[in-house]
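Please look at the sequence and the model below. The text that follows goes through the strands, the charged pairs and a few local details in turn.

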Amino acid sequence: ALDDLSKEPPPALPGGYKLDDELYFLGASQALETGDRLVHGAVGRVTGPAAGGPHAGKGLCMLYRGNDASVNCPLDDLSKDPPPPLLGGYSLGERLFFSGTSFSFASGDKLVYGGTGTVAGPAAGTYAGRGLAMHFDGNRGNINCLLTWLGRDPPPALPGGYLPGEQLYHTGHSQFFSNGDKLVHATQGAVTGPATGPHAGKGLKLLFPGNKGDISCPL
């Protein structure tokens, strides 16, 4: 393409790296639409600057072993040194249970209390340094999770023998909260996990239609 041609030499590569430098991938493992993969801790070769997209000017184009094509990677996910051990002593690819509150994302991916997933690498964003990136069964992408939400053993059964996603009626009186959420008598909500706060151990969290978050309810 003409955009790849110039009479002037190209600028130095971002990060001070050089063509053919071998770098580790520090991000979470992920499958690409092309069928190629990025794997946490894998070694790849610098093939040029990141082209287009969000990493242009602040990333590199990398060719990883086993892939057919180069992949744009942000500088933060690249290093000449191998990544540190994962938090919690967990290993890449290890199967863990989720013990947090169920949640559905706009992408269609979801977290389910008691669900199982595979460790994909370190958590990024809000949970960086405090958790792991997980690929849960049935999801398309990774989800960042706090370590406290994960474990090798399944979480305890929900109080009352209820199951995640089960629809229950609120039989108590209606209540209204400062954030706009509300509990309405005779309204159905979906079970998302065990209750916290004063109802911990003897209640459930439910997500009611129109609410922004879950509400802990006594059994």
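Is Asp137 buried, exposed or partly exposed? With a relative accessibility of 47%, Asp137 counts as partly exposed, where buried stands for under 20% relative accessible area, exposed for over 50%, and partly exposed for the range in between, computed with a 1.4 Å probe on protein chains only. The model is a predicted one, in which local features need pLDDT of at least 70 and side-chain atom pairs count only at pLDDT 80 or more, while totals for chains, interfaces and linings use all residues. Residues are numbered from 1 along each chain as its sequence is written, and side-chain values use heavy atoms, with hydrogens and water left out.

The structure holds four salt bridges, a salt bridge being a side-chain nitrogen of Lys or Arg within 4 Å of a carboxyl oxygen of Asp or Glu. In one of them, the side chains of Asp137 and Arg95 meet at 2.8 Å, N to O. This pair links distant parts of the chain, 42 residues apart: Asp137 is in the loop between β12 (131–136) and β13 (143–146), and Arg95 is in strand β8. Strands here are DSSP runs of E with at least two residues, and helices are runs of H or I with at least four residues, both numbered from the N terminus. Arg95 is partly exposed, at a relative accessible area of 42%.

Another salt bridge joins the side chains of Glu94 and Arg152, with an N to O distance of 2.4 Å. Glu94 lies in the loop between β7 (78–79) and β8 (95–98), and Arg152 in the loop between β14 (150–151) and β15 (167–169), so the pair ties together parts that are 58 residues apart in sequence.

Because Glu22 lies in strand β1 and Arg65 in the loop between β5 and β6, the pair ties together parts that are 43 residues apart in sequence. Arg65 is exposed, with a relative accessible area of 64%.

Five strands form an open sheet in the order β6-β5-β4-β1-β7, with antiparallel pairing; two strands pair if DSSP finds at least two bridges between them. β6 and β7 stand at the edges, each with a single partner strand, so one side of each is left without a neighbour in the sheet.

Within this sheet, β1 and β4 run antiparallel and are joined by three bridges. Tyr24 has Val43 in β4 as its bridge partner, and Glu22 stands opposite Arg45 in β4. Strand β4 (residues 43–49) is joined in turn to β5 by five bridges, again antiparallel. Here Pro49 has Leu60 in β5 as its bridge partner. Leu60 also stands opposite Cys73 in β6. β5 and strand β6 (residues 71–74) pair in the antiparallel sense over four bridges. They form a hairpin with six residues between them, and in the turn Gly66 has a positive phi of about 95°. Strand β5 (residues 59–64) is largely enclosed by the rest of the structure, because five of its six residues are buried.

Most residues other than glycine have a negative phi. Asp20 has a positive phi of about 75°; its place is in the segment before β1 (22–25), and at 45% relative accessibility Asp20 is partly exposed. Ala186 has a positive phi as well, near 75°. Ala186 lies in the loop between β17 (182–183) and β18 (188–194) and is partly exposed at 45% relative accessibility.

Lys205 is in strand β19 (residues 203–207). Lys205 is buried but has no salt bridge, and the nearest side chain of opposite charge, Asp214, is 5.1 Å away; Lys and Arg count as positive and Asp and Glu as negative, with His and the chain ends not counted. Leaving out residues up to four places away in sequence, Lys205 touches residues including Thr101, Val191, Pro194, Asp214 and Ser216, where contact means heavy atoms within 4.5 Å.
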